[in-house]
Amino acid sequence: MKMKAMLIEETSRELVWSDVEKPSAGAGQVVIEIYAAALNRADLLQRAGTYPSPKGWPAWMGLEVSGVVSEVGENVARWKVGDKVCALLGGGGYAEYVAVPEEMVMPIPAGLSFEAAASLPEAYATCYLNLFIEGGLKHGETLFFPAGASGLASVGIPMAHAFGAYVITSVLTEEIKRKISHLPADVVIDSSSEDTVDVLKREAENRHPVDVAIDCLAGETIGKAFPYVNEGCRWVLISTLAGVTTTVPLRALLTKGITFKGSMLRKRTSAEKGTLLASLVRDIWPKLESGEIVPSVYKVLPIAQADEAHAILKRGENVGKVVLRVKDA
């Protein structure tokens with residue numbers, strides 16, 4: 001039996017809505033009929049041919065989806081046909097159906113649309129992992145989460161604020177600073193007119209030295225910032241958009257007891273991700289259902305306009321997530 005999926009033409013890298021085999025549920029899996037799929041920057045890398053799906057997942061793009069369970073495999077106890085769910089994937093979300101290990105599936109929080117729910121799994125799991133597990137963020141601590149207009153920061157800033165953190169972020173321009181004014185950041189650095197390290201130094205002098213950094217930029221800022229972070233700072237590197245090298249002041253690393261670590265959600269096993277998602281549902285879903293945390297969706301486009309959705313990410317236009325609607329609710 002066939003379904004549609006968004007394939008990448010090998011030579012031109014164009015997106016083509018094509019016929020592929022529809023998946024069936026293996027033992028421990030469910031098949032989700034996809035209503036919406038959210039975009040991530042990893043999709044752009046995969047389209048360019050530099051970030052393939054992990055072994056065992058479909059070759060096409062898509063790391064997070066929402067929809068309805070249409071088939072349940074053997075030994076699946078927690079889901080039934082008709083359940084409204086969202087899921088974290090290794091790939092395969094730009095399609096009509098996807099087969100997913102049951103531990104990678106979560107209920108849609110009450111009151112959320114399919115489009116809002118599709119924006120949750122990858123970004124919320126990444127933020128939860130790095131804020132609370134890798135970063136060990138605690139109430140009253142100071143968080144530095146640069147690239148405040150990114151889809152990830154649009155999740156991480158409200159999440160950290162909801163748990164009592166003082167949040168510092170950075171953006172490229174005054175215009176972008178205005179665009180993210182709805183986010184509960186305590187300090188927004190406009191890097192077109194302010195030096196990020198100077199601001200971090202000033203905040204440290206004002207009793208807000210950085211305790212945790214979730215850094216998708218990297219580059220020279222890391223080494224320059226280390227002298228001004230708090231003792232025991234946990235600096236978690238999740239990407240290198242601003243450069244792959246820095247000069248690390250080892251004296252600051254030593255005397256402040258800084259933990260500097262790299263973290264990638266995609267490299268975790270399905271079992272590790274399942275444990276993470278269970279914690280996410282326990283700790284974050286109630287705050288989504290109460291409205292204390294609100295998903296940030298920038299734009300919803302039909303799957304036929306996936307190319308334009310990619311262009312929005314390439315231009316850096318979005319503040320929040322871009323979502324593809326695969327099926328009308």
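For residue classes, I count Ala, Val, Leu, Ile, Met, Phe, Trp, Tyr, Cys and Pro as nonpolar, Asp, Glu, Lys and Arg as charged, and the others, Gly among them, as polar. I am working on a predicted model, where local features need pLDDT of at least 70, side-chain atom pairs count only at pLDDT 80 or more, and totals for chains, interfaces and linings use all residues. Residues are numbered from 1 along each chain as its sequence is written, and side-chain values use heavy atoms, with hydrogens and water left out.

Entry: the largest pocket. I looked for pockets on a 1 Å grid over the protein atoms alone (a pocket is an open set of points where a 1.4 Å probe fits, with protein on both sides within 12 Å along at least five of seven lines; lining residues have an atom within 4 Å of a point). The largest pocket has a volume of about 1400 Å³, the volume being the space filled by probe spheres set on the points. I found 50 residues lining the largest pocket, and Arg-41, Ser-150, Cys-216, Ser-239 and Leu-241 lie nearest its centre. By class, this lining has 27 nonpolar, 16 polar and seven charged residues.

Entry: the second largest pocket. This one holds about 180 Å³ of space. Its lining includes Trp-57, Trp-60 and Tyr-97. Strand 6 (residues 97-101) gives the largest share, four residues; strands are DSSP runs of E, at least two residues, and helices are runs of H or I, at least four, numbered from the N terminus.

Entry: helix 3 against helix 9. I read an angle of about 90 degrees between helix 3 (residues 121-134) and helix 9 (residues 270-283), with the axes 10 Å apart. Axes are lines fitted to C-alpha atoms over the stretch in contact, and angles run from 0 to 180 degrees between N-to-C directions. The two helices are therefore roughly perpendicular (65 to 115 degrees). Tyr-128 of helix 3 and Leu-280 of helix 9 are among the contact residues, contact meaning heavy atoms within 4.5 Å.

Terms used:
Angles under 35 degrees count as roughly parallel, over 145 as roughly antiparallel, 65 to 115 as roughly perpendicular and the rest as oblique.
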